[in-house]
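Here are my notes on the model you sent. Please read them with the structure open.

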Amino acid sequence: MKESIIRTISGLLYIAILVVSIISSEFIFISLFFLLGFICLLELEKLLRLKSYALYGVHIIFFILFSYIKFESNATILLLCITIFVNLFLIKDLLFIRTIPVFEKKKYIILIFYLISSIVFLTLIPTYNGIFNKELIVGIFALIWINDTFAYITGKNFGKNKLYERISPNKTIEGFIGGLIFSIVGGYFIFQFTLYRDFSFWLGLAIILSIFGTLGDLIQSKFKRQAGVKDSGNLMPGHGGLYDRLDSIIFSSPFVYAYLLIINHVS
């Protein structure tokens with residue numbers, strides 16, 4: 001009971017800080033994830049058994065150039081392509097290789113293009129069309145939370161078929177489907193409440209976030225299993241590390257950003 005209360009308070013505090021940063025301004029939102037990115041980088045370095053101060057310099061440079069200055073759209077597209085390419089390779093390693101290869105050069109690639117650049121694209125999502133849209137980024141986080149919550153509830157109560165038992169024994173196919181369905185329902189209510197774009201727009205986001213959010217969670221679980229740890233850290237009582245809390249949205253963000261660019265171009 002006590003652990004449940006601590007977990008709830010910790011989660012609500014995290015949500016409150018995030019929502020307040022979004023409501024405040026684009027600069028504060030970016031700066032929050034600039035700081036959170038350092039913590040996630042530290043936690044993932046520990047999982048990959050790598051200690052490199054140079055990566056913190058890369059983190060600073062990427063945020064200055066892409067998140068704050070937004071200096072060159074073609075460079076952003078190039079970074080997006082590289083990030084998606086690396087993430088697709090991680091999906092391949094997740095599904096077809098028993099142990100994700102993490103030799104030293106690949107560790108740097110993972111930390112730069114899976115983690116750092118994905119967090120950068122998370123900060124770029126609300127300004128994909130040149131205007132900082134608070135409703136969009138709050139809605140995207142809400143969809144991730146809805147998916148995670150209802151995947152857990154559905155899986156716990158109705159789950160019988162394991163989704164990927166070797167990596168995450170508690171995840172079930174029923175839980176994944178439940179999370180997806182409730183994300184779509186959540187997308188409908190977000191559309192009704194915000195009137196931003198149309199329901200098909202939010203439907204696409206719900207599907208992308210459910211699929212890639214689940215994959216991101218599984219990839220992080222595989223990293224933790226290979227490192228022999230339960231959590232990536234202990235910063236958030238009841239939740240583990242910050243990377244544990246953000247793994248789904250981090251992995252999803254470049255795919256979401258690509259989706260938004262395509263939708264904006266078509267419309």
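1. Helix 9 has the length it should. Its 25 residues should span 36 Å at 1.5 Å a residue, and its end C-alpha atoms are 36 Å apart, which agrees. The expected span is 1.5 Å times one less than the number of residues. Helices here are DSSP runs (H or I, at least four residues), numbered from the N terminus.

2. Some ground rules. This is a predicted model: local features need pLDDT of at least 70, side-chain atom pairs count only at pLDDT 80 or more, and totals for chains, interfaces and linings use all residues. Residues are numbered from 1 along each chain as its sequence is written, and side-chain values use heavy atoms, with hydrogens and water left out.

3. Helix 9 also has a kink. The kink is about 40 degrees and lies at S253, shortly before the proline P254. The bend at a residue is the angle between axes fitted to the seven residues ending there and the seven starting there.

4. Helix 9 is mostly covered, with 18 of its 25 residues buried. Buried means under 20% relative accessible area, exposed over 50%, and partly exposed in between (1.4 Å probe, protein chains only).

5. Look at D244, in helix 9 (residues 242-266). D244 is buried because its relative accessible area is 13%. Its side chain makes a polar contact of 2.9 Å with the side chain of K224. A polar contact is a pair of N or O atoms within 3.5 Å; within protein, one must be able to donate a hydrogen and the other to accept it, and residues adjacent in sequence count only if both atoms are side-chain atoms.

6. Y243 also sits in helix 9. Its relative accessible area is 0%, so Y243 is buried. Beyond its neighbours within four places in sequence, Y243 contacts residues including C40, Y114, F223 and I250. Contact means heavy atoms within 4.5 Å.

7. Which residues of helix 7 meet helix 8? Among them are F176, G179, L180 and S183; on the helix 8 side, the partners include F199, W202 and L203.

8. Check two backbone angles. R49 is not a glycine, yet its phi is positive, near 55 degrees. R49 lies in the loop between helix 2 (26-47) and helix 3 (54-69), and counts as exposed because its relative accessibility is 58%. K70, also not a glycine, has a positive phi of about 50 degrees. K70 belongs to the loop between helix 3 and helix 4 (73-96). At 34% relative accessible area, K70 is partly exposed.
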